[in-house]
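This report covers a set of aromatic residues, the nonpolar cores and some helix contacts. The sequence and structure come first.

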Amino acid sequence: MADLSSVDEFLNQCKQSGDAAYGALRSVLERLEDPNTRSKARIFLSDIYKRVGSSETSLQTYHFHIQDIYLDQYEGFQSRKKLTMMVIPSIFIPEDWSFTFYEGLNRHPDTIFKDKTVSELGCGNGWISIAIAAKWLPSKVYGLDINPRAVKISWINLYLNALDDNGEPVYDEEKKTLLDRVEFYESDLLGYCRDNKIQLERIVGCIPQILNPNPEAMSKLITENASEEFLHSLSNYCALQGFVEDQFGLGLIARAVEEGISVIKPAGIMIFNMGGRPGQGVCRRLFERRGVRVTQMWQTKILQAADTDISALVEIERSSPHRFEFFMGLSGDQPICARTAWAYGKAGGRISHALSVYSCQIRQPNLVKIIFDFLKNGFQEISNSLDLSFEDETVADEKIPFLAYLASVLKNSSYFPFEPPAGSKRFCSLIAGFMRTYHRIPINQDNIVVFPSRAVAIESAFRLFSPRLAIVDEHLTRQLPRSWLTSLAIEDTSMDKSDDQITVIESPHQSDLMIELIKKLKPQVVVTGMAPFEVITSSSFLHLLEVTKEIGCRLFLDISDHFELSSLPASNGVLKYLAENQLPSHAAIICGLVKNKVYSDLEVAFVITEVDAIAKALSKTVEVLEGHTAIISQYYYGCLFHELLAFQLADRHAPAERESEKAKSEEIIGFSSSAVSILKDAELSVTEIDETSLIHMDVDQSFLQIPQSVKAAIFESFVRQNISEAEVDINPSIKQFVWSNYGFPTKSSTGFVYADGSLALFNKLVICCAQEGGTLCLPAGTNGNYVAAAKFLKANVVNIPTESSDGFKLTEKTLTKALESVKKPWVCISGPTVSPTGLVYSNEEMDILLSTCAKFGAKVIIDTSFSGLEYSATSWDLKNALSKMDSSLSVSLLGCLSLNLLSGAIKLGFLVLDQSLIDAFHTLPGLSKPHSTVKYAAKKMLALKEEKASDFLDAVSETIKTLEGRSRRLKEVLQNSGWEVIQPSAGISMVAKPKAYLNKKVKLKAGDGQEIVELTDSNMRDVFLSHTGVCLNSGSWTGIPGYCRFSFALEDSEFDKAIESIAQFKSVLAN
């Protein structure tokens, strides 16, 4: 340790080497840190300064240098005019780069740092941190640097300026010293503040922006004892940071911004020095794509430091089209590239570059913070796709809240929860809330039925009511089946006619012409919109209501074009009417939500009805025909509704609640009798009792954990902007998928059709079958949702018997016997995994079944929707089987990307359509197409599967292991409770027969009391639900008499509850 009484001895020690000088300075710092020796140590520094002066030669002689930095050139501006600062060779020496930065700070108002908590990144010798504290009197300044020697020298400089030459404290106008305001810490960017949970109001940074020419050099461990050359390089070069901006040498700035977002307060400001070498556009985009607004406070040119090697930038130019921006000298105004600048510099020329000071504030800071909080938890790669730059503020106001909401959902939930198929309760509640708040319409969520699209809502209504004759606004007919629009069966529209043909007549958009047609043709259903001038008042709507009621037809009024998601929605006569009057029982409102600012193709629709029976029937209809409405679409529009409601106080003058209407006019067309029967027996989702208490073992959805890679694909699909057509063209990926997994060949003539799920596609195939007079052949043991849908669509359905000895799979014998008596057969085969039994068809079995179908000229639908989770390796190769068949054999492959990609409620249904069906299929518009973001995410997930990405494959393996273990555990519990179980080999469900319970007397809740019933297929579901709170499907749904379906891909705690409840069910017999 140096003797502070001897300046000579101190200087002699410093002469020895840079390391010796640093050791001597550390001993001085130790005395400065001790209050008892602080004053003498400061006087000692004054003596040293007097001895060596400010000559730069002292840096070579003594390995340190003390200099005065003058802060202002004008008199009377402030009391402190200069700072006295020390530097050593291993840290950044103040030069034009940092002086320009300070000038940029000066461009801000004087209040910029006053009483604020500030951090400086890359503080070097600490002069800017100390200058900020001296001039602007912040509450606290944290000077941070990764170089441990820089931190020690910064502390010395703090004492140099906090005490005068006599060792006395220098007080500011608030009677504080710099020691009260400034602290220095070793930190990799904002690591110190993050680890100590320090929230900042200002962040300033003067950070290196050139990639190290030798990347390996930056991987060394940073310690006080590292070489001077290495420690000094930290101030000139940055290492690769894993950001897309690395290609411009801006990776360290990018990381600083993202770390800043996490620790800065919502109204905080970040100020950075930005070298203009990559170009101003690139520099601005670094901030803007992260949701940060940029103001350029100051710009100048500075000479490139002679000791900075720009060869890394030359290499970047050689391997990319980007060109960096340099200038020849300070007076040059024409930019030159890095290669030219490098050559000019080597020849002795001086090169310069632009230098800007950017003042940055986060737009919608609380929401952007949520997004980055999500990204830092294992989703860093998505950061490179993130784009929160928006020219239109209204777009930013819509998309950023949604991204924050989606980030919260993906971060806080390991799976997507069960949602009612006719709309999530949250979404329906938000729609009703918007109607009450903005339009004073007293409806509740039970009056709302959600559909994938307006077209689906209209077609569903037609399927439910089956009118002989309907009149539809010409603007709304495009998505209706062509057969409805070409039928001429309008002469007899009596309600008791048995013909199921629906005839649709197009009407002009104008309401007076529509009314004239209604009076003349007397239809049973009218679907119409309204012209803009007609919707201003209620008169046209009233006229429509009166005429349709008089005629005795149902009215569906479309208000999509006039419905505004705005805090200042335009006047709407229809909604004004509904605010004062109950919607008549014969009328309903259809509204398609398409008016968002970001995605023109993102649609969801809802129907408003104030008749309970109609609401429930429409809810069941959408479940039968579509299965579900895409949850992402509901999230998106739900977020818009939430934003419009969240800032409002609770309604102090809420409109009176209206009771839903129970009665309906007898003379108005009712539900189709066949539809009523099917919906009653279909065993649809239980949604009419408290959802929180139910355990759903009756749905085709996995509630197991969604892997990180799948969440990443989902989130990336929304954070991206300007996604190209090729990135959402999923055809090549599906071709490869069906080939790799099933050996299913495709040709140039093969059709590819997509929907939000496989059920909607299956239903279109059913209609094709019916239109050609075909017979749909479904094996006993087919997924009950498919059977209910086919019957609802009035297809000619034949049930093919199956045997328990065959695991209820099709065999050559059973299939042959069925096809012998059927004309124009269409055979649907679930495989490789059979739903709901969970058994698997082998290649040999499929070969036999396809040969049998070919023999009878049957069209084949292979449904792979429930496959991809086989417990043991199963490899289908349909190519060999199909190559042996006559080319006339029609085989289409149906599937759904959900279970096999572990994506839960995010589904993409696909249909690889045989050429012979393409023309017929496309006469059936109205499919709800998956949104481009779903296609993008599915394509990313398929790529993970095809590339055998280890994380994804590990997640699939873990899921299969979990499912197999659960199937064994469930089988054991069921068998011990008196059930006869078929052990599955794949998938998420199994079937079991309650052998010990069937035909036994049990108690069933009935109203406020109980009744004794005999347990049968028809009431098994209700009894089991009543006693256990577990929803299952009975033998009526599975098509296998007596056998119930259990879906066991539940969240862990739910599965444990289900097991416990099932085990306790046997107590019902004892009672």
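Tyrosine 997 is buried, with a relative accessibility of 1%; buried means under 20% relative accessible area, exposed over 50% and partly exposed in between, with a 1.4 Å probe and protein chains only. The model is predicted: local features need pLDDT of at least 70, side-chain atom pairs count only at pLDDT 80 or more, and totals for chains, interfaces and linings use all residues. Residues are numbered from 1 along each chain as its sequence is written, and side-chain values use heavy atoms, with hydrogens and water left out.

The rings of tyrosine 997 and phenylalanine 1065 form a tilted pair. Rings of Phe, Tyr and Trp (its six-membered ring) pair if their centres lie within 6.5 Å; planes under 30 degrees apart count as stacked, over 60 as edge-to-face and the rest as tilted. Tyrosine 997 lies in the loop between E27 and E28, and phenylalanine 1065 in the loop between helix H39 (1052-1064) and helix H40 (1067-1070), so the pair ties together parts 68 residues apart in sequence. Helices (H or I, at least four residues) and strands (E, at least two) are DSSP runs, numbered from the N terminus. Phenylalanine 1065 is buried as well, at 1% relative accessibility.

By the ring rule the count comes to 45 aromatic pairs. Tryptophan 979 and tyrosine 997 are also a tilted pair, and this one ties together parts 18 residues apart in sequence.

| Ring pair | Centre distance | Plane angle |
|---|---|---|
| Tyrosine 997 and phenylalanine 1065 | 5.0 Å | 35° |
| Tryptophan 979 and tyrosine 997 | 5.9 Å | 50° |

Tryptophan 979 is buried, with a relative accessible area of 4%. Leaving aside neighbours within four places in sequence, its contacts (heavy atoms within 4.5 Å) include Pro994, Tyr997, Phe1046 and Phe1065. In the largest nonpolar core, of 286 residues, Phe287, Phe462, Phe715, Trp979 and Phe1046 touch the most other members. Such a core is a set of buried Ala, Val, Leu, Ile, Met, Phe, Trp, Tyr and Cys residues joined through side-chain atoms within 4.5 Å. A second, separate core of 63 residues includes Val7, Ile91, Trp97 and Phe113.

Elsewhere, ring pairs link Phe427, Phe434, Tyr438, Phe563, Phe606 and Phe641 into a cluster.

Threonine 833 lies in the loop between strand E22 (825-830) and helix H32 (843-855). Threonine 833 is buried, with a relative accessible area of 2%.
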